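Hi everyone, thanks for coming. Let me put the sequence and the structure up on the screen, and then we can walk through them together.

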Amino acid sequence: MRFAFMCKKEKPDQRVNKRVAIIGAGPSGLAAAGYLACKGYGITLYERLPFPGGIMVFGIPESRIPRNRVLLGCKELEEIFDVEIKTSCKVAVDGVKILGDDFTKETVGLQKVVDEFDATVIATGTWNSRSLPAEGSSFKGIYSALEYLFRSKAHELGLMPEKEKIKLGSNVAVIGSGLVAVDAALEAVREGHSVKLISIENGLDAPSGSYEINRLKRRGVSHTERAVIRRVLGEGKVESIEVISVSAEVKGGVVLKMEQIPGTERIIDGVDNIIVGIGQIPTPPFGKDFQEIRTLRWGGIEVNGKFMSSKDKVFATGDVATGVSKVGRALQTGLKTATWVDRCLQGTA
Amino acid sequence: MTKVKIVDMEKCIGCEACEKVCEFLNSKPRAKIIPTKDGVLVPITCLHCTAPVCVDVCPTGAVYKDAEGPVRFRRNRCTGCKLCVAACPFGIPDIDPAKGFMTKCDLCLERSRDNLPPACVELCPTGAMMYGEYEEVVGPSKSKAVGLLTGRRVIQRNPERKPEHAGD
């Protein structure tokens, strides 16, 4: 992937004497970095994980996106466009915890970065997962789909020993039918587990699309559609689950209305693990009580039409500003934000 | 030296990168991800036909087949008659709503002057969008099938391969 696709494979002649910090080297952060690097800005990318690429390298399975294409694009940014990629370096207000923080070696305060650069772009994505809205959701053996994928990817990259991977039992229930849930189910099948997919959506209105659901079925996954988990049963650890059928109205992958149908409760025995993939939550580099940058009710950073946050010199882009999206849309918002950063710093916005 | 662009559907994951980067550059995307009746997400964009009907029906010669391969258009000759829109079997040509003239994928004409591949090819995360000389693009896809049949090629995604970027 050439993130610096806006220009030729050589350093731009005109350098701009301004520096931009980008927090998070995922699709949107890298796209913004590439655009601004082509314009001649000095770019520093902060990435809390040991490699750039974000979800493309640490979440989405290798069979979908080959990481080398992503990493080669990052290498070009570094070597030709002098973009500084600081890996294992997290920028955050003190005390903010996100999945994958074990790999962070250095933490820099957000204010320090904002002060040091002419503009700061927050592109930290949606790394927290929605937890299971059911009784017994704190039992052992319940994992988020993203954490499961993240750990298996970290192991694949040689960053995590085998024993730190999530070990699943033979029968796994995956909740949700979005792409994260589907990828987790595929990974579990690949590891040889017997997988049951449970979702409110049916095969036709699943947010990941009917093709992905059918592909899972062909690999032996059973799909319980129009159902939710009511209770997790067991003694501190998942043993069985109680599901109930629901009637639901789903449009564009979003559940508009849902009602449980009384009398359809049933218990599925012999479930060893539950993997929850029912949505991702934005992870801005600050906590809930941080007042300087306004957030919206769903947790995303509030931005105006120019992707500016409520704090001076600070922009936000990608999923942390728009909500969960596919790689393509994250790339596009990154590019759009970069055009506004450029215009603001040139004084033409 | 005719250049072609084809999509390897074995690699495409429907992430919309091509559509969204095209929209960024051209305000209306000239490539669009469309689900087939089986739900497979396919990027639909101009196929730059060898015998393009849109060129045949254009009364002013605004749409033309470039020597390089792509079907391109000259804005200043377009009358906005929409004949090309109706003629294309894939419904590719579009009318720019603001200006009323035809617009379509031209495989990034501006970029080709700098010898750069189209933007959708550059930002495709999977490498499904392939662009280049006919033999160089189609060759690998064709030999892939032969390789599978003869057993010379095994599908392997190289999970053990270390990233080239590794270090520090």
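Predicted model: local features only at pLDDT ≥ 70, side-chain atom pairs only at ≥ 80, totals over all residues.

Residues are numbered from 1 along each chain as its sequence is written, while chains are lettered from A and ligands numbered from 1 in the order in which they are written.

Let's begin with chain A. It is divided into domain 1, covering 19-127 + 281-346, and domain 2, covering 131-278; such bounds come from an automatic or database domain assignment. Taken over C-alpha atoms, the centres of the two domains of chain A are 29 Å apart. Their contact takes 10 residues from domain 1 and 12 residues from domain 2. Here, two residues are in contact if their C-beta atoms, placed from the backbone, lie within 7 Å.

Now look at helix α6 of chain A, residues 179-190. Helices (H or I, at least four residues) and strands (E, at least two) are DSSP runs, numbered from the N terminus. This helix has 12 residues and reaches 16 Å from its first C-alpha to its last, close to the 16 Å expected at 1.5 Å a residue. That expected span is 1.5 Å times one less than the number of residues.

How many residues of α6(A) are buried? The count is 10 of its 12, among them L179(A), V182(A) and L186(A). Buried means that 20 or more other C-beta atoms lie within 10 Å of the residue's own, exposed means 12 or fewer, and partly exposed is in between, with C-beta atoms placed from the backbone. The cover over those buried residues includes α5 (145-156) and β9 (171-175) of chain A. Just after α6(A), G192(A) has a positive phi of about 95 degrees.

On to chain B, which has 6 helices and 8 strands. Of its 168 residues, 33% count as buried. Among contacts in chain B between residues at least 6 apart in sequence, 53% join residues at least 24 apart.

Finally, where do the chains meet? In this contact, 34 residues of chain A touch 28 residues of chain B. On the chain A side, the largest share, 8 residues, comes from α3(A).
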